[in-house]
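This briefing gathers what can be said about one protein structure, taking its core, its strands, its charged pairs and a few individual residues in turn. Please read it with the sequence and the structure side by side.

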Amino acid sequence: MKLKLIGLNPPEENRKVVLRKLPAVLGRSSEAEVTVEDRWVSRRHCEITEIDGLLVVRDLGSKHGTFVNGQRVDQARLLPEDTITVGLTSFAASYRGGVRANQPASVLGNR
């Protein structure tokens with residue numbers, strides 16, 4: 001599954017990152033698949049992975065938390081057009097499909 005993250009606010013505004021391989025880490029580290037220049041973002045802030053056809057975002061113990069659609073999460077499914085916020089930086093998730101896009105939220109225990 002190909003996932004595109006689209007920056008929603010400066011300095012990442014309109015930045016488009018295409019992730020063809022998962023899992024992918026978002027963070028300040030140059031070793032992260034998606035490097036985010038935001039001092040409120042941890043070096044390894046969160047990870048996006050695919051589990052049984054669902055895209056899942058998982059916080060990696062960040063100091064300031066990971067948010068999906070404004071709600072702080074430890075782990076949550078990621079649906080098309082959901083917003084991920086790390087530090088002061090937000091991205092819209094854009095993708096098609098997923099074998100279980102209509103899976104109930106209770107599967108992950110969050111959201």
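This is a predicted model: local features need pLDDT of at least 70, side-chain atom pairs count only at pLDDT 80 or more; totals for chains, interfaces and linings use all residues.

The largest nonpolar core has 22 residues, and those with the most contacts inside it are Leu-3, Leu-5, Leu-19, Leu-26, Val-34, Ile-48 and Leu-78. At least two residues of this core come from each of β1, β2, β3 (24-27), β5, β6, β10 (83-86) and β11 (89-94).

**Core and sheet**

- Val-34, one of the residues with the most contacts inside the core, touches Leu-5, Arg-15, Val-17, Leu-19, Val-25, Leu-26 and Gly-27 when residues up to four places away in sequence are not counted.
- Five strands form an open sheet in the order β4-β3-β5-β6-β9, and their pairing is mixed; its edge strands are β4 and β9 (75-77), each of which pairs on one side only.
- Strands β3 and β4 run parallel and are joined by two bridges, and Gly-27 has Thr-35 as its bridge partner in β4.

**Salt bridges**

- Side chains of opposite charge can pair when their charged atoms come close, and a search of the whole structure finds two salt bridges.
- One of them joins Glu-12 to Arg-15, with 2.7 Å between the closest N and O atoms; Glu-12 counts as buried because its relative accessibility is 6%, whereas Arg-15, with a relative accessible area of 27%, is partly exposed.
- Glu-47 forms a salt bridge with Arg-58, and here the closest N and O atoms are 3.3 Å apart.
- Because Glu-47 lies in strand β5 and Arg-58 in strand β6 (residues 54-59), this pair ties together parts that are 11 residues apart in sequence.
- Glu-47 counts as buried at 16% relative accessibility, while Arg-58 counts as partly exposed at 26%.

**His-45, a buried loop residue**

- His-45 is placed in the loop between β4 (34-35) and β5 (46-51), and it counts as buried because its relative accessibility is 0%.
- A polar atom of the His-45 side chain lies 2.7 Å from the backbone oxygen of Gly-65.
- With neighbours within four places in sequence left aside, the contacts of His-45 are Leu-26, Gly-27, Trp-40, Asp-59, Leu-60, Ser-62, Gly-65, Thr-66, Val-86 and Gly-87; among them, Leu-26 is also one of the core residues with the most contacts inside the core.

**Thr-89, a buried strand residue**

- Thr-89 lies in strand β11 and counts as buried, since its relative accessibility is 1%.
- The side chains of Thr-89 and Asp-38 are joined by a polar contact of 2.7 Å.
- Leaving aside neighbours within four places in sequence, Thr-89 is in contact with Asn-9, Glu-12, Val-36, Asp-38 and Ile-84, and Glu-12 in this list is also the salt-bridge partner of Arg-15.

**Glu-13, a partly exposed loop residue**

- Glu-13 is found in the loop between β1 (3-7) and β2 (16-19), and at 45% relative accessibility it counts as partly exposed.
- Gly-7 and Leu-8 are in contact with Glu-13 once neighbours within four places in sequence are left aside.
- Although Glu-13 and Phe-91 are 78 residues apart in sequence, their C-alpha atoms are 8.6 Å apart in space.

Note on methods: Residues are numbered from 1 along each chain as its sequence is written. Side-chain values use heavy atoms; hydrogens and water are left out. Helices (H or I, at least four residues) and strands (E, at least two) are DSSP runs, numbered from the N terminus. Buried means under 20% relative accessible area, exposed over 50%, partly exposed in between (1.4 Å probe, protein chains only). A polar contact is a pair of N or O atoms within 3.5 Å; within protein, one must be able to donate a hydrogen and the other to accept it, and residues adjacent in sequence count only if both atoms are side-chain atoms. Contact means heavy atoms within 4.5 Å. A salt bridge is a side-chain nitrogen of Lys or Arg within 4 Å of a carboxyl oxygen of Asp or Glu. A nonpolar core is a set of buried Ala, Val, Leu, Ile, Met, Phe, Trp, Tyr and Cys residues joined through side-chain atoms within 4.5 Å. Two strands pair if DSSP finds at least two bridges between them.
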